[in-house]
Amino acid sequence: MGGRQRRFGTGAVLAVLMVWLALPWPLEAAEAVSGRDYLLVGSATDAPTPHRACTPQMLSGARQQAEVPAPPNGWSGEPQALDVFNVFAGEVRVQHGDREICGDMHDARTRDSRFRAGIGLVAVPPAGSHEPFRVSWQTPLKARWVPTLRLGAPSPVQQNDTARLLVRAACIAVAIALALSALMAFLTTRDRSFLVYIAGTTVLVLWQAILGGLSGYPEPWLPVGEHGARWLLSLTAASQALVLPALWRLNGGDRVLPRSRVAQLLVLWTLIVLAALVPWLRWEHLAWVAQGLQVSYLSGCGLALLVGLWARWRGDRWAQAGLAALAPMLVLIIADACGAEWLLEYRVEALQLAVTWLLMMAAYALNQRLGRLRQQRDELRQLAETDGLTGLPNRRAGLQQLARHLERVNREGGPLVIGFLDIDLFKDINDRHGHAVGDQVLVAVARALRTAVRSQDEVVRMGGEEFLLLMPGMPREAASARLDRLRQRITEAGLALQVAGLEVTASIGLAQWRPGEDDLAALLRRADHAMYVAKRAGRNRVFDGEELDPPGPA
């Protein structure tokens, strides 16, 4: 029957599908309607393509220039793209024949929109022509900070340009994400170290924006203007003021040389004062500042490396994060000394990646420090709430646990029974057998209680030879029987110590929480009183305090 129904259902579906295909559907698709089928934003414009002519004022001052010659057989007649990178200040002029463009790295509106990370020009030289491309730029403050010129077909040159922009933007995005994460950590912990990290990351974000030209993309959002070199030097000094002490500390400098804090503060404030003075210095003095910052950077990295290796040799495993943070910078320093061509071409991206790695390692070390502080706090809390001899919760922790149980019982209902236990004649045990045996008895009793109770029960050492047992959710009759078995286990635990003449017994008083009548103190008093009744009745027994003092009528 089931198979016939399935065949009938399949046939019905096929029939409906054939009818749907046979219907006279329109052969042409309906015209898409704006607002329903697609979204159109913006409007038509009559503004010409923005183009900024080179003026004598733009090209004034100390400048360098270069010519990119045609191949020996002349240009092929195909479009040629020339892109200029790593110019950190001033106007860049790119010219071929009667075509020229002047652009500023800190204002993307002045550049050809086909190039996003550099200043480029696309030209179509006549086939066989030998007219060169001519490029000029402001003389760099540092000798080896030379611009990179990339020549080739427009598509691969533009793709390389876009890839550079993505790397630069990604580094800044990672730094911002790390700063936001540190802000969340500060709001949670109120640890001021995270505020210092946020301040340092903010300075490095601004430094990266100036270094990579993102301060002017897509429009200027920092007032750099024609003062790009001053902004870069000032932020470089401010960045070093934060990075160099951070590298020193990450590599264990504070632990190896505790008295180095004064020197760190001196370096920090010297660089901060220099950063504040840079905007007021004359142009010819800026080269001295650039060289001085180079020396301080190399010296700081070298000292951090030495102290990191020394700390690691002494077994300081926390110095590993510092050495890892320093590794990319050492690679860049060695590459610069060797004149590596890849560093000349990708200097900005390499510096940003090294700084991003440093921020990540600093965040890792900061989180490790926070983890250690939390671990120390937990250890202190455990010491404050744990009995050192038996490992049980102490009186303070036990009363807190009892208060939580009472809150839950008042909220959810159910019984709560406690047992107040006292080892009989414990002073005599100490006097006859010594305090070492007395300690063994306490440990044995604690172990017997802990192994014999349910997982939801609590065992607390209230002090001396007194223990408290919390038994939530257990009816009074069952709790009384459980306490009696525990009493027997205590006697067995004493015998297991195999001390001649040692006999260990306990008196236990039972009390049950009375909703609406009790408070915590009254419950404890009733259990304590029941325990003393058990002692007066001959010891080594359980007494139900609810029988001695029955609850009043509801």
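Predicted model: local features only at pLDDT ≥ 70, side-chain atom pairs only at ≥ 80, totals over all residues.
Residues are numbered from 1 along each chain as its sequence is written, and side-chain values use heavy atoms, with hydrogens and water left out.

The structure has 25 salt bridges, meaning a side-chain nitrogen of Lys or Arg within 4 Å of a carboxyl oxygen of Asp or Glu. Here are some of them:

| Pair | N to O distance |
|---|---|
| Glu131 and Arg134 | 2.8 Å |
| Arg164 and Glu349 | 3.4 Å |
| Asp316 and Arg255 | 2.5 Å |

Arg164 and Glu349 are both buried (under 20% relative accessible area; exposed is over 50%, partly exposed in between, with a 1.4 Å probe and protein chains only). Both residues also belong to a salt-bridge network with Arg150, Arg168 and Glu345. Glu131 is partly exposed, with a relative accessible area of 29%, and Arg134 is partly exposed at 30%.

Arg230 is buried but has no salt bridge, and Glu284, the nearest side chain of opposite charge, is 7.4 Å away. For charge, Lys and Arg count as positive and Asp and Glu as negative, with His and the chain ends not counted. Beyond its neighbours within four places in sequence, Arg230 is in contact (heavy atoms within 4.5 Å) with Val278, Pro279, Leu281, Arg282, Trp283 and Leu286.
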